[in-house]
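This report goes through one structure, shown below. It takes up a helix and its cover, then the ligand site, then some single residues.

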Amino acid sequence: MDLGIKGKTALVCASSKGLGKGCAAALAAAGVDLILNARGADALEATAQELRDAHGVKVTAVAADITSPEGRAKVLDAAGQVDILVTNAGGPPPGLWKDWGRDDFINAMDANMLTPIALMQAMLPGMMENGWGRIVNITSGSVKAPIPQLGLSNTARAGLTGFVAGTARQVAEKGVTINNLLPGIHATDRAVMLDNGVAKAQDISVDQATQQRKATIPARRYGTAEEFGSTCAFMCSQHAGFMVGQNIVLDGGAINATI
Ligand code: NAP
């Protein structure tokens, strides 16, 4: 399917690996020029070169921590006004409700709520003036079904979801859509980190922890970054112009709900 976005420009945050990279690759395949970001410069430049070679699009790599004001300023300065914004950052660490203090919550909200909000605030005026824009926030299935050990994520992402719900409906008349993409478990470094945590906590092997988790997913497997990226690219396409303020779950059926 022609997504109708060839020649547009996208800023994809936290995109040297994992789900962000999957989104960047799918947008590049649709002919979109990219600004990529991650903290580690080597993996980021390797991904940038991979996408230039594979798709012939222009790729600018900006090594910076997207969750810090300085890092964000560096990325926004390099990006300029873009047509498509995909927000993403690393997820907060797992833990137990009684152990988190104010600083833990502030850090989680900075990374997974206030950073995407600041990025949207920076890009929305130009998108609205241009009469076209697409924003996809990578959040988590934990927004729909809480993951107990990821209480910091549950909390911060709920705040972002509330902001998007109201804001998406204020900007839609200008041709700008904002939606969230909610990953269930996907085969990335993050999943390996989470499975390692379960293995340690339950004194089982990492493979056992992985098999145990797969058994809870109706699809009986983890999602791939490629599948995730393709859905993101569709949400950024011309075809998705009537999708406004939605929370799209990609989880192999793991959340057991009728709607
Ligand atoms: P990942 O495989 O660990 O990749 C994270 C990417 O983000 C890397 O490129 C990393 O590069 C970059 N990054 C992390 N923190 C950053 C920061 N502060 N500034 C800039 N770049 C940063 O993670 P993932 O699985 O793709 O997960 C992406 C998001 O989806 C996370 O928020 C995660 O919590 C959420 N999620 C994932 C899953 C899953 O199953 N994978 C499920 C639910 C939710 P550097 O380390 O070099 O910066």
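In which helix does Cys232 lie? Cys232 lies in helix H8. The model is a predicted one, and this holds for every value that follows.

**Helix H8 and its cover**

Helix H8 spans residues 225-235, and its buried residues are Ala225, Phe228, Gly229, Cys232, Ala233 and Met235. These residues lie on the same side of H8, because they cover an arc of only 155 degrees around the axis. The elements that cover them include H1, strand E4 (84-87), strand E5 (133-138), strand E6 (176-183) and strand E7 (247-250).

Cys232 has a relative accessible area of 0% and is therefore buried, the limit being under 20%. Not counting residues up to four places away in sequence, Cys232 touches Cys23, Val86, Val136 and Leu181. The C-alpha atoms of Cys232 and Leu19 are 9.7 Å apart, while the two residues are 213 residues apart in sequence.

Phe228, another of the buried residues of H8, is in contact with Pro183. Pro183 itself lies in strand E6 and is buried, at 10% relative accessible area. Once neighbours within four places in sequence are left aside, the contacts of Pro183 are Leu19, Ile138, Thr139, Ser140, Gly141, Phe228 and Leu250.

Ser140, one of those contacts, is found in the loop between E5 and helix H5 (151-171). Is Ser140 buried or exposed? Ser140 is buried, with a relative accessible area of 9%. With neighbours within four places in sequence left aside, Ser140 is in contact with Ser153, Arg157, Leu181, Leu182 and Pro183.

**The ligand site**

There are 28 residues around the ligand, and those that come nearest are Ser16, Leu19, Ala89, His186 and Thr188. By class, this shell has 9 nonpolar, 13 polar and 6 charged residues. Helix H1 (18-29), strand E2 (33-38) and helix H6 (189-202) each supply at least two residues of the shell.

| Residue | Atom on the protein side | Distance to an oxygen atom of the ligand |
|---|---|---|
| Ser16 | polar side-chain atom | 2.6 Å |
| His186 | polar backbone atom | 2.7 Å |
| Thr188 | N or O atom in the side chain | 2.4 Å |

How much of the ligand does the protein bury? Taken alone, the ligand exposes 890 Å², and the protein buries 89% of that.

Not counting residues up to four places away in sequence, Val198 touches Ile204, Ala209, Gln212 and Arg213. Val198 and Ala254 are 56 residues apart along the chain, and their C-alpha atoms are separated by 18 Å.

The loop between H6 and helix H7 (206-214) contains Asp203. Asp203 is not a glycine, yet has a positive phi of about 55 degrees. The relative accessibility of Asp203 is 72%, so Asp203 counts as exposed, for which the limit is over 50%.

Which residue in the loop between H7 and H8 is to be noted here? Arg220 has its place in that loop. Arg220 has a positive phi of about 60 degrees although it is not a glycine. With a relative accessible area of 52%, Arg220 is exposed.

**Strand E3**

Thr60 lies in strand E3, which covers residues 59-63. Thr60 is partly exposed, with a relative accessible area of 30%. Leu34, Ile35 and Leu36 are the residues that Thr60 touches, not counting residues up to four places away in sequence. Thr60 and Lys8 are 52 residues apart in sequence, and their C-alpha atoms are 14 Å apart in space.

How values were computed:
Residues are numbered from 1 along each chain as its sequence is written. This is a predicted model: local features need pLDDT of at least 70, side-chain atom pairs count only at pLDDT 80 or more; totals for chains, interfaces and linings use all residues. Side-chain values use heavy atoms; hydrogens and water are left out. A residue is near a molecule or strand if one of its heavy atoms lies within 4 Å of it. A polar contact is a pair of N or O atoms within 3.5 Å; within protein, one must be able to donate a hydrogen and the other to accept it, and residues adjacent in sequence count only if both atoms are side-chain atoms. Accessible areas come from the Shrake-Rupley method with a 1.4 Å probe; for residues, only the protein chains shown count as cover. Helices (H or I, at least four residues) and strands (E, at least two) are DSSP runs, numbered from the N terminus. Ala, Val, Leu, Ile, Met, Phe, Trp, Tyr, Cys and Pro count as nonpolar, Asp, Glu, Lys and Arg as charged, and the others, Gly among them, as polar. Buried means under 20% relative accessible area, exposed over 50%, partly exposed in between (1.4 Å probe, protein chains only). The arc is that of the directions from the helix axis to the C-beta atoms. Contact means heavy atoms within 4.5 Å.
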